[in-house]
Amino acid sequence: MSIFESSPYSSRVLSFVRIVTGIVFVSFGTMKLFGWPPGMPPGFQIHLFSQFGLAGMLETFGGFCIVLGLLTRPVAFILCGEMAVAYFQGHFPRSPFPTVNMGTPAILYCFLFLYLAFYGAGAWSIDGIIARGRTSHS
């Protein structure tokens, strides 16, 4: 195998990256919605029908879909958009440089989700199980 060929493990590594990304991403949503892990200022109230509440719901439930590999492409596309909005609304006005405006996680999540939206979930996913089931019945 040359360095220019695809590895037989590529889909599994993609799945592993997707799962870890989803688990960490869920923690941002649960912090907003449930105060766990602790990280929000004491007494900070989230209104579910606010932009921040919507972000918490997307991060929690969308993150779980990413972990499971369920509807990965559309969910990842929506989360990519959420992270782009988060960066340009919350970080970019402070400075155009992510290292200065603390927007590095938002940019990285945005592009990770963009990649998942185009590439898919990988071998270890509910989407993969559904796809394998469809090809075996055809």
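Trainee: What makes the contact between Glu 59 and Lys 32 a salt bridge?

Mentor: This is a predicted model, and in it the side chains of Glu 59 and Lys 32 come to 2.7 Å, N to O. The cut-off is a Lys or Arg side-chain nitrogen within 4 Å of a carboxyl oxygen of Asp or Glu. The structure holds one salt bridge.

Trainee: Why do we say that this pair ties parts of the chain together?

Mentor: Glu 59 belongs to helix 2 and Lys 32 to helix 1, so the pair joins parts that are 27 residues apart in sequence. Helix 2 covers residues 51-68, and helix 1 covers 10-34.

Trainee: How do you know whether Glu 59 is buried or exposed?

Mentor: Its relative accessible area is 4%. Buried means under 20%, so Glu 59 is buried. Lys 32 is buried too.

Trainee: And what does Glu 59 touch, leaving out residues up to four places away in sequence?

Mentor: Phe 25, Val 26, Phe 28, Gly 29, Lys 32, Glu 82 and Met 83. Take Phe 28, which is 31 residues from Glu 59 along the chain: their C-alpha atoms are separated by 6.5 Å.

Trainee: What makes Phe 28 partly exposed?

Mentor: Phe 28 sits in helix 1 and has 32% relative accessibility.

Trainee: Let's turn to the rings. How many aromatic pairs are there in the whole structure?

Mentor: A search finds eight. One of them is Phe 25 with Tyr 109, at 4.9 Å centre to centre and 55° between the planes.

Trainee: Why is that pair of Phe 25 and Tyr 109 called tilted?

Mentor: Centres within 6.5 Å make a pair, and planes under 30 degrees apart are stacked, over 60 edge-to-face, and the rest tilted. With 4.9 Å and 55°, Phe 25 and Tyr 109 are therefore a tilted pair. The pair links distant parts of the chain, with Phe 25 in helix 1 and Tyr 109 in helix 5, 84 residues apart. Phe 25 is buried at 1% relative accessibility, and Tyr 109 is buried at 11%.

Trainee: What about Phe 88 and Phe 92, and how do you know which accessibility class each falls in?

Mentor: Phe 88 and Phe 92 also form a tilted pair, 5.5 Å centre to centre with 55° between the planes. Exposed means over 50%, so Phe 88, at 51%, counts as exposed. Phe 92, at 37%, counts as partly exposed.

Trainee: Which residues are linked into a cluster by ring pairs?

Mentor: Phe 25, Phe 28, Tyr 109 and Phe 113.

Trainee: Last topic: how much space lies in the largest pocket?

Mentor: About 610 Å³. It has 23 lining residues, and the closest to its centre are Lys 32, Phe 52, Glu 59, Ala 86 and His 91. By class, the lining has 15 nonpolar, four polar and four charged residues.

Trainee: Which helix supplies the largest share of that lining?

Mentor: Helix 3, with seven residues. Helix 1, helix 2, helix 3 and helix 5 each supply at least two.

Key
Residues numbered from 1 in each chain as written. Predicted model: local features only at pLDDT ≥ 70, side-chain atom pairs only at ≥ 80, totals over all residues. Heavy atoms only, no water. Helix = DSSP H or I, 4+ residues; strand = E, 2+ residues; numbered from the N terminus. Buried < 20%, exposed > 50% of the residue type's maximum accessible area, 1.4 Å probe, protein only. Contact = heavy atoms within 4.5 Å. 1 Å grid on protein atoms, 1.4 Å probe; cavity = no way out; pocket = protein on both sides within 12 Å on 5 of 7 lines; lining within 4 Å. Points joined across faces, edges and corners; volume = space filled by probe spheres on them. Nonpolar A, V, L, I, M, F, W, Y, C, P; charged D, E, K, R; others polar. Phe/Tyr/Trp six-rings, centres within 6.5 Å; stacked < 30°, edge-to-face > 60°.
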